[in-house]
Amino acid sequence: MYSSLLYKKSPIFFQNYLLSFKELARKVIRERGDDDFSRLILKHETAKNKSTEYTKQQLSLTLKNSRKNVSHYKHLDLVDSSNLSEYPAMTKMDLNENPTQFKASNYKGIVVNGTTSGTMGMPLSIPQNLTSVLRENAFLARHLKWAGFEHGDKRAWIRGDLIVPLAQKNAPFWRYSYFENRILLSSYHLTPASLELYIEKMVDFGVDIIQAYPSSVVTLAKYLEIHDRYYPGKLKSIITSSERLTQADRALIEARFKCKVFDWYGMFERVAAIANCEYGRYHILTDYSHVELTDCGNGLHEIVGTNFNNHLYPLIRYRTGDHVVLSKEDSCPCGRTFPVIDHIKGRVADYLLGEDGQKIYSLYHIEKGVQGLIATQYVQNTAHEIRVLAVADETIFEEKQQSILTSNIKKYLGENIDVTTECVDRLPKTKNGKVRHAICNITQ
Ligand SMILES: [Zn+2]
């Protein structure tokens with residue numbers, strides 16, 4: 001809707017109405033879902049037996065449905081196997097090569113098509129049945145409760161929706177969803193000159209919870225940090241998802257916004273969901289899907305998942321390419337029974353190459369001690385060149401700060417790397433509106 005001429009050409013007050021009614025329609029569809037299911041998954045938090053039993057049953061249903069109705073699995077000659085380990089692991093590449101072979105032939109109902117992120121360079125369309133849409137909503141609602149949400153709370157939304165046309169160069173860079181009690185702020189207009197307005201607007205609206213891409217809320221947190229300030233309103237929490245949240249970014253957001261961050265890890269393939277509780281631990285939601293953590297060495301484990309809720313497009317032992325670090329804890333003070341991991345590592349694609357071809361994943365150090373930076377993106381097209389796109393307060397991020405950044409890059413990637421820095425108003429986004437921190441275009 002946001003890209004339609006009607007929306008783009010409408011006056012702002014009318015855009016607010018269009019957006020509000022669109023969100024109302026969505027709310028009605030998603031919330032007509034199964035209250036019993038929402039109640040059931042709430043019980044799983046503390047009733048381990050119920051949760052384990054449910055998980056077993058869902059896995060068995062998924063395997064049975066796949067063997068019976070999905071051509072890819074029919075041909076595997078696993079007639080009666082309910083033993084997951086007999087199923088070969090698969091990757092996004094397998095889906096790309098032949099996406100239709102994973103679609104169940106027996107499904108007749110409503111199909112909702114969605115596209116997975118192209119951050120791995122391979123965007124992909126995945127069909128979902130209505131159960132998948134409704135259950136996803138139930139799991140997200142459960143997480144919203146973890147983050148303290150109560151009926152009537154006001155929310156801010158700063159994600160990939162292009163709610164304000166790019167042609168609009170002046171405020172307001174936000175719109176309202178009246179029935180959802182929500183203000184939606186454009187993540188495409190977060191320029192240094194507009195950041196103060198974003199903060200003011202959220203405070204004026206009386207926001208209780210912010211739901212945002214990490215890159216958007218980090219931009220605001222860095223702005224506050226540069227000016228030695230704190231968010232002037234009182235928030236219950238901030239919920240992040242869809243992009244990598246580093247431990248350093250989390251600490252910065254929590255300090256500057258004076259509240260906890262509840263990160264959610266999920267994906268359109270719906271094969272795994274991992275969520276933060278109020279104690280900051282990451283819980284694997286074992287009633288959402290079946291997750292295996294495959295040891296890759298270096299202390300990392302890859303997330304390999306089997307989805308439960310989309311029998312239209314069942315994916316079994318799907319390798320996500322994302323990694324976690326295991327936790328030493330076997331329980332969490334929150335009392336929830338879902339297993340705990342320490343943290344999620346960035347997608348494998350988010351790295352730069354050092355001068356000897358080594359992959360550098362941790363880019364946080366590069367920006368240490370550099371002042372004035374708000375958001376950055378590192379682009380590497382050739383082995384010895386890095387181009388830095390920087391959104392910055394240019395009165396602070398001047399020559400001296402730029403040279404600190406250059407020397408940091410050389411320090412961590414090698415002296416033979418040439419660095420060019422370009423100050424920009426905003427960073428390029430992927431098709432889904434996400435910002436990648438590093439883009440390495442070198443094939444090894
Ligand atoms: Zn917990």
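Here are some questions and answers on how features of this predicted model get their labels.

This is a predicted model, where local features need pLDDT of at least 70, side-chain atom pairs count only at pLDDT 80 or more, and totals for chains, interfaces and linings use all residues. Residues are numbered from 1 along each chain as its sequence is written, and side-chain values use heavy atoms, with hydrogens and water left out.

Q: Why is K222 called buried?
A: Buried means under 20% relative accessible area, exposed means over 50%, and partly exposed is in between (1.4 Å probe, protein chains only). K222 has a relative accessible area of 14%, so it counts as buried. This lysine has its place in helix α9; helices here are DSSP runs of H or I with at least four residues, strands are runs of E with at least two, and both are numbered from the N terminus.

Q: Which residues does K222 touch, leaving out those up to four places away in sequence?
A: They are L252, E367, L373 and I374. Contact means heavy atoms within 4.5 Å.

Q: What makes T286 partly exposed?
A: Its relative accessible area is 24%, so T286 falls in the in-between class. T286 sits in the loop between β10 (282-284) and β11 (289-297). Beyond its neighbours within four places in sequence, T286 is in contact with S51, T55, F308, F338 and P339.

Q: Why do D228 and N298 count as exposed?
A: D228 has a relative accessible area of 58%, so it is exposed. N298 is at 77%, so it counts as exposed too. D228 lies in the loop between α9 and β7 (237-241), and N298 in the loop between β11 and β12 (300-307). Each is a non-glycine residue with a positive phi: near 50 degrees for D228 and near 55 degrees for N298.

Q: What makes a set of residues a nonpolar core, and how many residues does the largest one have?
A: A nonpolar core is a set of buried Ala, Val, Leu, Ile, Met, Phe, Trp, Tyr and Cys residues joined through side-chain atoms within 4.5 Å. The largest one has 76 residues, with I210 and F257 making the most contacts inside it. Helix α9 (residues 214-226) gives the largest share, six residues. A second, separate core of 21 residues includes L144, W264, L285 and C334.

Q: Why is C334 called buried?
A: C334 is at 19% relative accessibility, so it is classed as buried. C332, at 7%, is buried as well.

Q: How many disulfides are there?
A: A search of the whole structure finds zero. A disulfide would be a pair of cysteine sulfur atoms within 2.5 Å.

Q: What makes β3 and β4 partners of β5?
A: Two strands pair if DSSP finds at least two bridges between them. Strand β3 (residues 155-158) has three bridges to β5 and runs parallel to it. Strand β4 (residues 174-177) has four bridges to β5 and runs antiparallel. A156 stands opposite I183, while S177 stands opposite R182.

Q: Why are β19 and β20 said to stand at the edges of their sheet?
A: The open sheet has four strands in the order β19-β18-β17-β20, with mixed pairing. β19 (418-423) and β20 (438-440) each have a single partner strand, so one side of each is left without a neighbour in the sheet. Further in, seven bridges join β17 (residues 373-382) to β18 (residues 385-392), which run antiparallel.

Q: What is the peptide bond between A171 and P172, cis or trans?
A: It is cis, with omega at about 10 degrees. P172 is found in the loop between β3 and β4.
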